[in-house]
Amino acid sequence: MKNLVILISGSGTNLQRIIDCIDSGEIRNAKVNLVIADRECFGLERATKHNIPNLLIKRGKDFYDNLEKAIPGNTDLIVLAGFLSILKPEFCEKWSGKIINIHPALLPKFGGKGMWGHHVHEAVIESGEKESGATVHFVTSGIDEGEIILQGKFDVEENDSAETLAQKVHQIEYDIFPKAIDLILNK
Ligand code: GRF
């Protein structure tokens, strides 16, 4: 059984999808050992509801120390599922090859500092892109620069807004994130 730690900052619908896919067997051979949030968020309630140990580690002076201490040594994969804190390079290097992120755009486009949440979707609309989607990638010290594991995409329609893109991207994420996790854990 492979041990997952999932880091979140928000509503945690991707976390929920991962939990559901482990239950249904779409993600094989995996257990969520711990959910960590960097702020109060609904995702923590989802973890509690599923009896998954969970922790709130607030941003601040001891944030990285507390985060490092909290992650069990037997962790096979750290999954960033809507986690908004930027992880420091030493942390990314320590867990190299064992830490992945989901990004709400087609990297390498629309990645990097400041490109998160609605900022991404607004930038896609403003640039007149013909398609958007989501990317699962390994995390390295360069923001959104690690090797791409899986992408899914859709056509941007003329009447799309940042809000409709966010909804469409989420649907893509629910498809590719569990697939990518299963792929990495059971390759
Ligand atoms: C996702 O769109 C993800 O790509 C981004 O944050 C969002 C998290 O959504 N990094 P949720 O909390 O899983 O609903």
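1. Ala-162 counts as buried, with a relative accessibility of 13%; buried denotes under 20% relative accessible area, exposed over 50%, and partly exposed the range in between, for a 1.4 Å probe and protein chains only. The model is predicted, so local features require pLDDT of at least 70 and side-chain atom pairs pLDDT 80 or more, whereas totals for chains, interfaces and linings use all residues. Residues are numbered from 1 along each chain as its sequence is written, and side-chain values rest on heavy atoms, with hydrogens and water left out.

2. Ala-162 belongs to helix 6 (residues 162-185). Helices (H or I, at least four residues) and strands (E, at least two) are DSSP runs numbered from the N terminus. When neighbours within four places in sequence are set aside, Ala-162 is in contact with His-121, Glu-122 and Ile-125; contact means heavy atoms within 4.5 Å. Val-79 is 83 residues from Ala-162 in sequence, and their C-alpha atoms are 25 Å apart in space.

3. His-121 counts as buried because its relative accessibility is 5%. Apart from neighbours within four places in sequence, His-121 is in contact with Pro-104, Ala-162, Leu-165, Ala-166 and Val-169.

4. The sheet is open and has seven strands in the order 3-2-1-4-5-6-7, with mixed pairing. Which strands stand at the edges? They are strand 3 (54-56) and strand 7 (148-155); each has a single partner strand, so one side of each is left without a neighbour in the sheet. From one strand to the next, the twist averages 20°. Two strands are taken as paired if DSSP finds at least two bridges between them. Strands of a sheet pair through backbone hydrogen bonds, either parallel or antiparallel.

5. Strand 1 and strand 2 run parallel and are joined by seven bridges, and Ile-8 has Ala-37 of strand 2 as its bridge partner. A crossover is called right-handed if, with the strands pointing away from the viewer, the path from the first strand over the helix to the second runs clockwise. Strand 2 is mostly covered, with seven of its eight residues buried.

6. Strand 2 (residues 30-37) also runs parallel to strand 3, and three bridges join the two. Ala-37 has Leu-56 as its bridge partner in strand 3, while Val-35 stands opposite Asn-54. Strand 2, helix 2 and strand 3 form a right-handed β-α-β unit. Helix 2 (residues 42-49) lies across strand 1 (2-8), strand 2 and strand 3, and its direction makes an angle of about 155° with strand 3. Axes are lines fitted to C-alpha atoms, for helices over the stretch in contact, and angles run from 0 to 180 degrees between N-to-C directions.

7. Strand 4 (residues 77-80) runs parallel to strand 5 and is joined to it by three bridges; here Val-79 stands opposite Ile-100. The chain passes from strand 4 through helix 4 (residues 89-94) to strand 5, in a right-handed β-α-β crossover. Strand 6 (residues 131-138) runs antiparallel to strand 5, with four bridges between them, and Asn-101 stands opposite His-137 of strand 6.

8. A search of the whole structure gives one aromatic pair. Phe-63 and Tyr-64 make up this edge-to-face pair, at 5.2 Å centre to centre and with 70° between the planes. Rings of Phe, Tyr and Trp (its six-membered ring) pair if their centres lie within 6.5 Å; planes under 30 degrees apart count as stacked, over 60 as edge-to-face and the rest as tilted. Phe-63 is buried at 3% relative accessibility, whereas Tyr-64 is partly exposed at 22%.

9. Phe-63 also has Arg-59 over its face, at 5.9 Å from the ring centre. The criterion for a charge over a ring is NZ of Lys or CZ of Arg within 6 Å of the ring centre and within 35 degrees of the ring normal.
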